[in-house]
Amino acid sequence: QFAICDRNGLSIRTYWKLESHQHGDDIDGTAAQVQQLLRDTAQRQLVSDVPICTLLSGGLDSSALSALAAEHYKESGQGPLHTFSVDYKDNDKHFKANLFQPNSDAPWIKRMTDHLGTEHHYIEFDTPELVESLKAAVLARDTPGMADVDGSLYLFCREIKKEATVAISGEAAD
């Protein structure tokens, strides 16, 4: 929805509405369609005159995109894909599982980089760096955001920029 406020008062209108429809494809057809859409999307993003990498958390979204990008790199003879992950100092010692994150990312990242044969870069931050980055992250976003997530993404991208100009991410895809 959006609102218009003028001398005639306030009016609220709907500009877009999600409509639910019966899904007619079987599981194989759906999987093939999703795979084709993801492959097409990834390949379009991989056309570049500058170095490209992927952000790899070990989750489903970033792993799928990294797999498609690595496949494209192999097929086009571009050498190994560069992947990047971020973690916090001593997270391996202090990680506590929860419903949002039932396990650490590290084993899944390792599994994916081994399987894909990527050149992986581990980036690590300490809490004081994250705190210092918050103001710069808010200024860079220029809109309210998610605080520590924005700060870590800001620091992460700053480090990635040293190696690659474009990063493909599954950030918030789920």
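Start by selecting Phe 2, which sits in strand S1. Strands (E, at least two residues) and helices (H or I, at least four) are DSSP runs, numbered from the N terminus. The model is predicted, so local features need pLDDT of at least 70 and side-chain atom pairs count only at pLDDT 80 or more, while totals for chains, interfaces and linings use all residues. Residues are numbered from 1 along each chain as its sequence is written, and side-chain values use heavy atoms, with hydrogens and water left out.

**Stop 1**

Phe 2 counts as partly exposed because its relative accessibility is 33%. The classes are buried for under 20% relative accessible area, exposed for over 50%, and partly exposed in between, with a 1.4 Å probe and protein chains only.

By the ring-pairing rule, the count comes to one aromatic pair. Phe 2 and Tyr 15 form an aromatic pair that is tilted, at 6.2 Å centre to centre and 55° between the planes. Phe 2 lies in strand S1 and Tyr 15 in the loop between S2 and helix H1 (27-45), so the pair ties together parts that are 13 residues apart in sequence. The rule takes rings of Phe, Tyr and Trp (its six-membered ring) with centres within 6.5 Å; planes under 30 degrees apart are stacked, over 60 edge-to-face, and the rest tilted. Tyr 15 is exposed, with a relative accessible area of 61%.

Now extend the selection to Trp 16 and Leu 18. Together with Phe 2 and Tyr 15, these residues form a nonpolar patch on the surface, with about 550 Å² of accessible area. Patches take residues with over 30% relative accessible area and no salt bridge, joining nonpolar side chains (Val, Leu, Ile, Met, Phe, Trp, Tyr) within 5 Å and like charges within 9 Å. Accessible areas come from the Shrake-Rupley method with a 1.4 Å probe, and for residues only the protein chains shown count as cover.

**Stop 2: Asn 8**

Select Asn 8, in the loop between strand S1 (2-6) and strand S2 (9-13). Asn 8 counts as exposed because its relative accessibility is 72%. For a distance, pick the C-alpha atoms of Asn 8 and Ala 32: they are separated by 52 Å, with the residues 24 apart along the chain.

**Stop 3: salt bridges**

A search of the whole structure finds six salt bridges. A salt bridge here is a side-chain nitrogen of Lys or Arg within 4 Å of a carboxyl oxygen of Asp or Glu.

Select Arg 39 and Glu 71, whose closest N and O atoms are 2.1 Å apart in a salt bridge. The pair links distant parts of the chain, with Arg 39 in helix H1 and Glu 71 in helix H2 (residues 60-75), 32 residues apart. Arg 39 is partly exposed at a relative accessible area of 24%, and Glu 71 is partly exposed at 29%.

Next, select Lys 110 and Asp 114, which form a salt bridge with the closest N and O atoms 2.8 Å apart. Both lie in helix H4 (residues 106-116), four residues apart, or about one turn of the helix. Lys 110 is partly exposed, at 42% relative accessibility.

**Stop 4: Leu 65**

Stay with helix H2 and select Leu 65. Is Leu 65 buried or exposed? Leu 65 counts as buried, because its relative accessibility is 15%. Leaving out residues up to four places away in sequence, Leu 65 touches Ala 42, Ile 168, Ser 169 and Gly 170; contact means heavy atoms within 4.5 Å. His 23 is 42 residues from Leu 65 in sequence and 25 Å away in space, C-alpha to C-alpha.

**Stop 5: Gly 145 and helix H6**

Select Gly 145, in the loop between H5 and H6. Gly 145 is partly exposed, at 47% relative accessibility. The C-alpha atoms of Gly 145 and Ser 63 are separated by 25 Å, and the residues are 82 apart along the chain.

Move on to H6 (residues 148-160), a helix of 13 residues that reaches 18 Å from its first C-alpha to its last, close to the 18 Å expected at 1.5 Å a residue. The expected span is 1.5 Å times one less than the number of residues. Which residues of H6 are buried? They are Asp 150, Gly 151, Ser 152, Leu 155, Phe 156, Glu 159 and Ile 160. Their cover includes strand S3 (52-55), strand S4 (82-88), strand S5 (119-125), helix H5 (127-141) and strand S6 (166-168).

Finish on Glu 159 and Lys 162, whose side chains meet in a salt bridge (3.0 Å, N to O). Salt bridges that share partners join Arg 158, Glu 159 and Lys 162 into one network. Lys 162 is exposed, with a relative accessible area of 60%.
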